[in-house]
Amino acid sequence: MFSWFANPHRFLMLSSWLAPLFYAAAALLIAWGLWQGLWMVPKDDYQGGDIMRVMFIHVPAAWLAMASYLGMAVMSFVWFIWRHEVADIAAKAIAPLGATWTALCLATGAIWGKPTWGTWWQWDDARMMSVLFMFFLFLGYIALRAAMDTRQKAARAGAILAMVGALNVPLIKFSVDLFTSLHQDASVITTEGPKMAAVYLWPLLISSVGHSLLFAALVMTLMRAEIWTRRAAQSRARLMTGD
Amino acid sequence: MTPAPILSAFRQALGEAWAGGAGALLPVGFFAGAAVLVPLGVGTDPETLRTIGPGILWVSLALSSLVTLERIFQADAEDGSLDLWLQTGAPAASIAAAKTLAHWLTAGLPLALLSPFLLLMFQAQIGGALLENMLYYAFGGLAFYFWGGVSAALAATVRRGGLLISLIALPLYVPTAIFGALAMGDGPSSAAAPLFLAASTLFALAVAPFAMGAALRLAAD
């Protein structure tokens, strides 16, 4: 199955119609989710009143922060084992987008946290800390790739780092949980998950799917740009040598 | 496969520690200097210093490891020793582990040995806890040096890779820093924290050499 996807030509064919489709679907779903979230659903005073509406961006961003790191690590693994170029192109494309959504998650979380918990940043909230370290993992990955002088070296170094990072994520998560369970602040309202009313759940799910589709479409666009850049470089090299 | 290249890497790393004049005193000086700056910044209230002292030393230890690790594999990649070692067929992971271990012995362990004196300067009470903490710094430092070694190996061919090494290593240092700080506190999980610290260090010892080995083969290309 990997080999079927590993063909750049096949990827270009597939993404040429899949990416626009995803963009359109994402626009519809995000618009619907925002309309529901910002205007239709009742505000929840227990979660800070109207500010809780930021949830319809914050939660999709948090989901994508985690999913994108996992995706990058899996793509790195596939490239490292089978050396399928498309997998490396995907890992390279995911990194800046994953970092963006992770930053979005941190920013919306801080904006939500200030009026609700009275602070922009809570050092003993396990999820904030985990997401912050995930953000640093993304930054390190991007910086390492940028520092390498050839594409092959960037791919290899990036793959090693992404896999080491993925192995460490559970350990980081566990240590942060242990750290924060020590002095859990009562003012921190933790999860709204299981008790959430269906009126919030639907827009949230739709919004999450919309963000995921937008993410996937952007990844495909970046990958297409990378493939065309490489082809252009090859053509230029061929012209220079006069073949 | 013979152990010769691994031993050679180990001996060379020990020898490098004494090269360049001040030798193994340099990391000690950096460690103490970084720690001593803190009371100048936060004030000299004894109660505050006693609370933050152990944490300051963890941060100083992490910084020292990052600063001293920058060149550990770079020089080998430049002068060709790395190619020679790999040509003998010795596993790159073992060479990397030997080098990192030697580096920890010369640049990490002395810092742990110094820690009781610095903690006394931070108003700690004389007692068995000082020796216990020394053990935690030694063991946690081992994890710092091994994860730092991974980023140093990845950046071995990067000019002025110091900042890059720090950025990569920072998230990998988190579990050790947290378990170490918890082990020295008096919270409910401080009894279990030393075990977690030991476990995360053993995890580093098991995983990091292979990542370093893969990165060194990349640097040798």
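Modeller: Let's begin with a term we need: helices are DSSP runs of H or I with at least four residues, strands are DSSP runs of E with at least two, and they are numbered from the N terminus. Please keep in mind that this is a predicted model.

Biologist: How much of chain A counts as buried?

Modeller: A residue is called buried when its relative accessible area is under 20%. Chain A has 243 residues, and its C-alpha atoms fill a box of roughly 70 × 40 × 30 Å along the principal axes. The share of its residues that count as buried is 47%.

Biologist: Let's look at one residue of chain A. Is A:Ser15 buried or exposed?

Modeller: A:Ser15 sits in helix α2, residues 8–40 of chain A. A:Ser15 has a relative accessibility of 1%, so A:Ser15 is buried.

Biologist: With which side chain does the side chain of A:Ser15 make a polar contact?

Modeller: Leaving out residues up to four places away in sequence, A:Ser15 touches A:Pro20, A:Met220 and A:Arg224. The polar contact, at 2.9 Å, joins the side chain of A:Ser15 to that of A:Arg224.

Biologist: Now to the two chains together. How many residues of chain B are in contact with chain A?

Modeller: On the side of chain A, 26 residues take part. The two chains bury about 2600 Å² between them, 84% of it on carbon and sulfur atoms. B:Leu154, B:Pro171 and B:Leu218 supply 20% of the area that chain B buries against chain A, more than any other three residues. The number of chain B residues in contact with chain A is 29.

Biologist: Which residue forms a salt bridge with A:Arg156?

Modeller: The rule finds one salt bridge across the interface of chain B and chain A. A salt bridge needs a side-chain nitrogen of Lys or Arg within 4 Å of a carboxyl oxygen of Asp or Glu. Here the closest N and O atoms are 2.5 Å apart, and the partner of A:Arg156 is B:Asp221.

Biologist: Which element gives the largest share of the side of chain B that touches chain A?

Modeller: The elements of chain B that give two or more residues to this side are α8 (128–154), α9 (162–184) and α10 (193–220). The residues of this side divide into 23 nonpolar, four polar and two charged. The largest share, 11 residues, comes from α9(B).

Biologist: Where in α9(B) does the kink lie?

Modeller: Helix α9(B) is mostly covered, with 17 of its 23 residues buried. The kink is about 45° and comes shortly before the proline B:Pro171, at B:Leu170.

Biologist: One last stop: why does B:Thr106 count as buried?

Modeller: B:Thr106 belongs to helix α6, residues 92–107 of chain B. Not counting residues up to four places away in sequence, B:Thr106 touches B:Leu14, B:Ala17 and B:Ala24, and its side chain reaches the backbone oxygen of B:His103 at 3.2 Å. Buried means under 20% relative accessible area. B:Thr106 counts as buried because its relative accessible area is 11%.

Note on methods: Residues numbered from 1 in each chain as written. Chains lettered and ligands numbered in written order. Predicted model: local features only at pLDDT ≥ 70, side-chain atom pairs only at ≥ 80, totals over all residues. Heavy atoms only, no water. Contact = heavy atoms within 4.5 Å. Buried area = accessible area lost by both parts, 1.4 Å probe. Nonpolar A, V, L, I, M, F, W, Y, C, P; charged D, E, K, R; others polar. Buried < 20%, exposed > 50% of the residue type's maximum accessible area, 1.4 Å probe, protein only. Polar contact = N/O pair within 3.5 Å; in protein donor to acceptor, adjacent residues only side chain to side chain. Bend = angle between axes of the 7 residues up to and from the residue.
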